[in-house]
Amino acid sequence: MGYPFRDLQEFLKALERKRLLARVKEPLSVELEITEVTDRVCKMPGGGKALLFERPKGYSIPVATNVYGSYERMKMALNVDDPEEIGWKLYRILRPEVPQSFLDKLKKLPELKKLNDAIPKLVKKGKVQEVVEREPDLLSLPILKCWPKDGGRYITFGQVVTKDPETGVRNVGLYRLQVLGKDRLAVHWQIHKDGHRHYLKAKELKKKLEVAVVIGGEPPLPYVASAPLPPEVDEYLFAGLIMERPVELVKGVTIDLEYPANAEIVIEGEVDPEEPLVDEGPFGDHTGFYTPVEKYPSMKVKAIVMRKDPVYLATIVGKPPQEDKYLGWATERIFLPLVKFNLPEVVDYHLPAEGCFHNFCFVSIKKRYPGHAYKVASALLGMGLLSLTKHVVVFDEEVNVRDLGEVLWAWGNNVDPKRDVLILKGPIDVLDHATDEVGFGGKMVIDATRKWREEGYRRQWPEVIEMDPQVKKKVDELWEKLGIG
Ligand SMILES: Cc1cc2nc3c(=O)[nH]c(=O)nc-3n(C[C@H](O)[C@H](O)[C@H](O)COP(=O)(O)O)c2cc1C
């Protein structure tokens, strides 16, 4: 079956049919009240339902939250049973396999066709431009103030589109935007992110940087904006690969950028790097703490375009677990094959949501030589946004790194902190408050693998207890009869 949803609203309808969405008719305030309800629902077992607040107090546009906040809904949005399938699809496209025969060439064709079918398609008209406001007023949108000490109202699920001012290569990043007035937004692209890189290039070239902030669109799009793709990979091509059909784009009304034709709302504007930076924050962040005020660029809004009947999509971040647990899970699974592409010895890895993703990376490897754990940890710490990881713990292949119980068992038993801990320095996520400086601090690599003689271990490493297979088989066969349940 082809990809089933054209836009956010079709996705919401499908969720409703499956009883995965709850409508809230009570007119709740966009200031704090929608957050409180969403936060309670996110913390329900399994992530709770998606929410549609039909009548936010004072606004005619409904607000949807927690749309991606469960494994089931995330898989529906990506149209897969297991997001790892998407990673393997990419792996097959990337693998530099030289075809040996004509038949081999033919085998490669379907993969290349998938890539060709995924190229974004420019269309003349899009629902997103049914209404064009050239005198924009951000305050007319139901943008949320999430937490009591937030510096104001924030767009939390905006896909920020920019183009490299030199090469024209597009980037789409999920960065929050703070409303500073009816036509001003502070743009929170952190120093390690591609949007910030485009901003620095525009500054160097003394150019203004055009920006589109997209709400909604085909259901993979909000996720794709959060995915740590390499800078040269177009997020819309990636979304096309997920859907096996192109994302439809329209040209901006006041800017020379294309954005999804099936989006709900798009805010068009530009960032002038000559203008002074502004105060951004405080903001109740996905670490569970408030990020203090810091300096960021601001965007002048030139137009707001939208459908006649848009839905405003928002997400809440705060103390985990929140909706981003499931976005992060999708990234972890999709990128595993790509990690293996570079590091075939990696069996699995896990960045728990409770560790806000960047605090811990547990990785299991097929250990083949002394020091192998340090080789893998060093490679991960040099790979894209994994470079921001604070603690990397390396395990042997049999440890299930997605099971915290097994992780603590192997970590606790196999590690001598005097020998197995390496402290390094490096770039740290700018949301981390423990480091002395923003964005720079310490890292810890822990080798929790079985130690070898060549690694200085002089004792006999003990054997893990395992039951005799014959006895296991007998008890398996007898189990029902034992009447234990
Ligand atoms: C809900 C949510 C909010 C986020 N907010 C920000 C943000 O405000 N600033 C930022 O730099 N990254 C933020 N991120 C992380 C980026 O979206 C992520 O690192 C992404 O890979 C950035 O895209 P880029 O690699 O194209 O820069 C957020 C992620 C999620 C899931």
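User: Which residues come nearest to the ligand?
Analyst: The model is a predicted one, and the answer is to be read with that in mind. There are 19 residues around the ligand. Of these, the ones that come nearest are Gly173, Leu174, Gln190, Lys193 and Asp194.

User: Which element gives the most to the shell around the ligand?
Analyst: Strand 8 (170-174), helix 6 (194-204) and helix 9 (324-342) each supply at least two residues of that shell. By class, the shell is made up of 8 nonpolar, 7 polar and 4 charged residues. The element that gives the most, with 3 residues, is strand 8.

User: What is the radius of gyration of the protein chain, and how does it stand against the globule rule?
Analyst: The secondary structure of the protein chain comes to 13 helices and 25 strands. For 485 residues the globule rule gives 23 Å, and the chain comes close to that value, so it is as compact as a globular protein of that length. Along its principal axes the C-alpha trace spans about 75 × 55 × 55 Å, while the radius of gyration is 24 Å.

User: Which residue in strand 12 does Lys121 stand opposite?
Analyst: Strands of a sheet pair through backbone hydrogen bonds, in either a parallel or an antiparallel sense. In this case strand 4 and strand 12 (residues 248-251) pair in the parallel sense over 2 bridges. The residue in strand 12 that stands opposite Lys121 is Glu248.

User: At which residue does helix 13 bend?
Analyst: Helix 13 (residues 469-482) has 14 residues and reaches 19 Å from its first C-alpha to its last, which is close to the 20 Å expected at 1.5 Å a residue. The helix is hardly covered, as the count of buried residues among its 14 residues is 0, and just after it Gly483 takes a positive phi of about 70 degrees. The bend, of about 35 degrees, is at Asp476.

User: Is Ala448 buried or exposed?
Analyst: Ala448 lies in the loop between strand 25 (440-447) and helix 13, and its C-alpha atom is separated by 8.3 Å from that of Gly412, 36 residues apart along the chain. A residue is counted as buried if 20 or more other C-beta atoms lie within 10 Å of its own. Ala448 has 24 such atoms within 10 Å, and therefore it is buried.

User: Is Trp409 buried, exposed or partly exposed?
Analyst: Trp409 is found in helix 11 (residues 404-414). The cut-offs are 20 or more other C-beta atoms within 10 Å for a buried residue and 12 or fewer for an exposed one. Because Trp409 has 14 other C-beta atoms within 10 Å, it is partly exposed.

User: How far apart are the C-alpha atoms of Val392 and Leu482?
Analyst: Val392 lies in strand 23 (residues 391-396) and is buried, with 25 other C-beta atoms within 10 Å. Val392 and Leu482 are 90 residues apart along the chain. Their C-alpha atoms are separated by 44 Å.

Conventions
Residues numbered from 1 in each chain as written. Predicted model: local features only at pLDDT ≥ 70, side-chain atom pairs only at ≥ 80, totals over all residues. Near = placed C-beta within 6 Å. Helix = DSSP H or I, 4+ residues; strand = E, 2+ residues; numbered from the N terminus. Nonpolar A, V, L, I, M, F, W, Y, C, P; charged D, E, K, R; others polar. Expected span 1.5 Å × (residues − 1). Bend = angle between axes of the 7 residues up to and from the residue. Pairing = 2+ DSSP bridges. Rg over C-alpha atoms; globule rule 2.2 N^0.38 Å.
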